[in-house]
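Here are my notes for someone opening this one up for the first time. Have a look at the picture, then go through the points in order.

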Amino acid sequence: MRKLQSLFIGVIAIILLLTFSVVRLNHSSNASSQVLNIYNWGDYIDPELLKQFEKEYGYKVNYETFDSNEAMEAKIKQGGTAYDIAIPSEYMIQKMKKEHLLSSLDHTKIHRLKNIDPRFLDLDFDKENRYSIPYFWGTLGIVYNDKFVDGDKIKHWEDLWRPELKNNIMLIDGAREVMGLSLTTFGHSINSKDKKHLTQATKKLNALTPNVKAIVADEIKMYMANEESAVAVTFSGEAADMMAENEHLHYVIPPEGSNLWFDNIVIPKTSKNQEGAYDFINFMLKPEIAKQNAEYIGYSTPNKTALAMLPKNISGDKQFYPDDKTISHLEVYKNLGAKYLGIYNDLYLELKMYRK
């Protein structure tokens, strides 16, 4: 009888333990479904929109930032944090697709995709938008201060080598951007894999170093707004921020060519809250939300409905919403592969070390 009682008590204990484990597992699952982990570039969304999203949808947003596509990809690949949303650039989307780091999108769960300008859908880096949804787009160009520089003398990449600009140029810190502008002066593609082209571009950049005051990242906005340099090479959205702070600043897209870039929203394969990820995508596709975000960030919105809602002084500004003719001279960065990306980075690092 005692053995039977012991067996009965043991069975009850096991049942209670299993029940407790299931409850904990369900609680953990429910908790994770109420959290949305977002991985984005620094200062790349209006913080008020995150608060609004939390309030409307009931999620707790964990928001982390990265400073390069490569850093973002490496962290997602490591899998330490299960990000539900990430915002890589076009060439990195190509790379992440090949590495099976992205979830394919269910378009039946995405509303308002018709708000996106067709020019920014079905692009080569993600045909049929199987893995990504447009977030922002823009260009790489030159900012100059008319108090120190004649605007007629700053229209082309070649103008950066003018002797009068000695120690007066700030470059955005990016291998593809800096190598690309030099390649363009020779009429080469910014995606060139020709080693002769790359050597030629590097030698020319070495000749630019006397004019380079600093190679910086986000700080470039503050430096230019405070008139600490006459000229800068930067992205269109950064330029918009500077120009809002200083009326003497102007942005130019060199007509011989430059970079046309796209940042898109993706759902990493490790996402534990895909429902929340789709809610976030649909939230950001709302015209009024996209409009508010574009006004805050300064970059160009691909949301044509939101664009129509923006003030004419923004939507009609060809520096930030260039016409089709200008766009036809621009190139999108392609995934160069590990070998050539390494070559670009090594040559760029040599340039930074060469600077005196």
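1. Start with S258. Leaving out residues up to four places away in sequence, S258 touches L140, W157, I190, I253, H329, L330 and E331. Keep in mind that this is a predicted model. S258 sits in strand β9, which covers residues 258-265. Is S258 buried or exposed? Its relative accessibility is 4%, so S258 counts as buried.

2. Next, find I154, in the loop between β4 and β5 (169-172). With 0% relative accessibility against a cut-off of 20%, I154 counts as buried. Setting aside neighbours within four places in sequence, I154 is in contact with I142, Y144, V149, D159, L165, V231 and V252.

3. In soluble globular proteins, nonpolar side chains tend to be buried together. Here the largest nonpolar core has 108 residues, and the members touching the most others are Y44, I85, L160, V231, F280 and M284. Which strand gives this core its largest share? That would be β4 (residues 133-145), with 8 residues.

4. Not counting residues up to four places away in sequence, I85 touches N37, I38, Y39, I265, V266, I267, P268, A277, F280 and I281. F280 is also among the core residues that touch the most other members.

5. On to a sheet. Three strands make an open sheet in the order β2-β1-β3, and the pairing is parallel. β2 (60-66) and β3 (85-86) are the edge strands, each pairing on one side only. Between β1 (residues 35-41) and β3 there are 2 bridges, in the parallel sense. If you want a landmark, take Y39, whose bridge partner in β3 is A86.

6. Aromatics next. How many aromatic pairs turn up in a search of the whole structure? The search finds 21. Take Y44 and F136: their ring centres are 5.6 Å apart and their planes are at 40°, so this pair is tilted. The pair links distant parts of the chain, with Y44 in the loop between β1 and α2 and F136 in strand β4, 92 residues apart. Y44 counts as buried at 4% relative accessibility, and F136 is buried with a relative accessible area of 2%.

7. Then try W137 and Y321, an edge-to-face pair at 6.1 Å centre to centre, with 75° between the planes. This pair also links distant parts of the chain: W137 is in strand β4, while Y321 is in the loop between α12 (312-315) and α13 (324-327), 184 residues apart. Both W137 and Y321 are buried.

8. Last stop: one aromatic cluster is formed by Y44, Y135, F136, F235, W261 and Y299. Y44 ties back to point 3, being among the core residues that touch the most other members.

Terms used
Residues are numbered from 1 along each chain as its sequence is written. This is a predicted model: local features need pLDDT of at least 70, side-chain atom pairs count only at pLDDT 80 or more; totals for chains, interfaces and linings use all residues. Side-chain values use heavy atoms; hydrogens and water are left out. A nonpolar core is a set of buried Ala, Val, Leu, Ile, Met, Phe, Trp, Tyr and Cys residues joined through side-chain atoms within 4.5 Å. Buried means under 20% relative accessible area, exposed over 50%, partly exposed in between (1.4 Å probe, protein chains only). Helices (H or I, at least four residues) and strands (E, at least two) are DSSP runs, numbered from the N terminus. Contact means heavy atoms within 4.5 Å. Two strands pair if DSSP finds at least two bridges between them. Rings of Phe, Tyr and Trp (its six-membered ring) pair if their centres lie within 6.5 Å; planes under 30 degrees apart count as stacked, over 60 as edge-to-face and the rest as tilted.
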